[in-house]
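Thanks for coming. I have one structure to go through today, and I will keep it short.

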Amino acid sequence: MKKISLLLFLLLLGEIEAYGQTVKTISVEFIKTVREGNSKEVVKGSIYYQAPDKIILLIREPIKQWMLLEGKLTTLYYPDERRAIQITGWSSTSLPFFQAFLGGMKEDYGLSELGYKLEGNEIKGDTLVTHWNPPEKLKGRLGEITLAVAANEIIYVESRDPGGQITAKVQYSNHIQYGAVYFPLQIVTTRYSRGDTTSERVVYGEPLFDKPLPPEIRNFKIPSGVKIEGTKW
Amino acid sequence: MTGIESAGWRKPVALLLILVIFATPLLAQQTTDEYLQGKLDGERDAKGNPLWFLAGAGCGIIGAGAAYLIKPSPPASALIGKSAEYVLGYTEGYKNKARNQNTTYACAGWAAFVLIYAAAGGFETTE
């Protein structure tokens with residue numbers, strides 16, 4: 001079975017999956033632009049990934065911010081203000097836009113083990129298009145997922161609601177290959193809801209795979225003397 | 001020191017004090033605005049988890065109580081590049097709204113269970 005993306009499913013469920021051991025570490029720059037109505041937000045920074053589930057973001061614009069995601073714990077640190085917030089949730093936290101980048105690492109993207117069933121497929125030129133139905137218990141909430149892959153590169157993913165309306169479309173481009181995995185360096189996500197459309201474009205650059213993470217990233221801790229706020233539940 | 005020389009420092013200090021007096025409430029207002037915006041966004045994004053419907057149907061009133069006690073986690077992606085005040089507001093708004101949604105789903109599941117049980121004659125007693 002060709003590799004297909006789990007990313008949109010994870011986006012909808014908001015759960016992070018443990019990724020395979022294909023790549024141990026990743027460092028990459030990113031620019032994320034979100035447009036909703038007349039508003040536009042741009043975030044620039046670096047992302048560091050350490051298998052299986054540790055992600056650290058170093059945000060430079062619009063604000064200096066560290067974000068550490070590990071299991072159920074989310075830590076935010078503002079170095080200019082010497083202020084930190086920790087959020088301990090009851091489930092692992094998610095970062096959909098980066099999961100979209102990592103998605104190619106997981107064999108079969110875990111769709112089958114999550115209960116998704118392959119409904120059918122078709123070939124359009126050099127593109128394989130597959131259609132997946134959600135697990136029974138989620139059919140009232142989620143509709144079909146359509147995935148398109150060409151030459152082992154994911155091209156687009158569409159999600160639908162139970163009524164068949166498209167709720168989101170993710171388009172992947174500018175892939176870079178590392179080993180057997182193809183990582184998209186540009187991901188555009190368009191989400192549709194009643195009377196509203198949101199567009200998110202993420203451009204990745206300078207990716208490094210399986211290189212040692214910088215010491216300040218590997219050993220990141222909230223400096224002593226910084227007051228930690230937040231919620232634990 | 002002459003009167004003119006001694007008064008030379010007073011003007012910049014006075015200007016500084018004026019700036020502080022006018023700037024402080026503006027900064028405080030901006031902080032409050034960010035918290036409120038975060039809270040509104042958190043409430044908007046918290047749609048609840050319909051799987052709590054199953055919890056209510058499965059264990060009745062216990063499920064509804066558990067839904068209220070467990071606070072759903074806000075999505076980290078919504079907090080990227082946001083100020084600390086916005087983050088605090090967002091988590092508060094998301095937590096409270098999602099908790100209410102989950103309790104609603106759990107109670108709906110419990111109500112459905114009761115109706116089905118009653119329809120099947122489960123509440124009838126024999127004397």
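Predicted model: local features only at pLDDT ≥ 70, side-chain atom pairs only at ≥ 80, totals over all residues.

Chain A has 233 residues, and 33% of them count as buried. Its secondary structure is three helices and 14 strands. On contacts, take pairs in chain A with a separation of 6 or more: residues 24 or more positions apart account for 50% of them.

Now chain B. How many helices and strands does chain B have? Four helices and zero strands. Read from the N terminus on, the order is α-α-α-α. Chain B has 127 residues, of which 32% count as buried. For contacts between residues at least 6 apart in sequence, 86% in chain B join residues at least 24 apart.

The helix I want to look at is helix 2 of chain B, residues 10–45. That is 36 residues, and at 1.5 Å a residue the helix should span 52 Å.

Helix 2 of chain B does have a kink, though. Where does the kink lie in helix 2 of chain B? At A23(B), shortly before the proline P25(B), with a bend of about 30 degrees.

Which residues of helix 2 of chain B are buried? They are Y35(B), G38(B), K39(B) and G42(B). As background, an α-helix has 3.6 residues a turn, so residues three or four places apart point the same way. Please keep that in mind when you look at the buried positions Y35(B), G38(B), K39(B) and G42(B).

Key: Residues numbered from 1 in each chain as written. Chains lettered and ligands numbered in written order. Helix = DSSP H or I, 4+ residues; strand = E, 2+ residues; numbered from the N terminus. Buried ≥ 20, exposed ≤ 12 C-beta atoms within 10 Å, placed from the backbone. Contact = placed C-beta atoms within 7 Å. Expected span 1.5 Å × (residues − 1). Bend = angle between axes of the 7 residues up to and from the residue.
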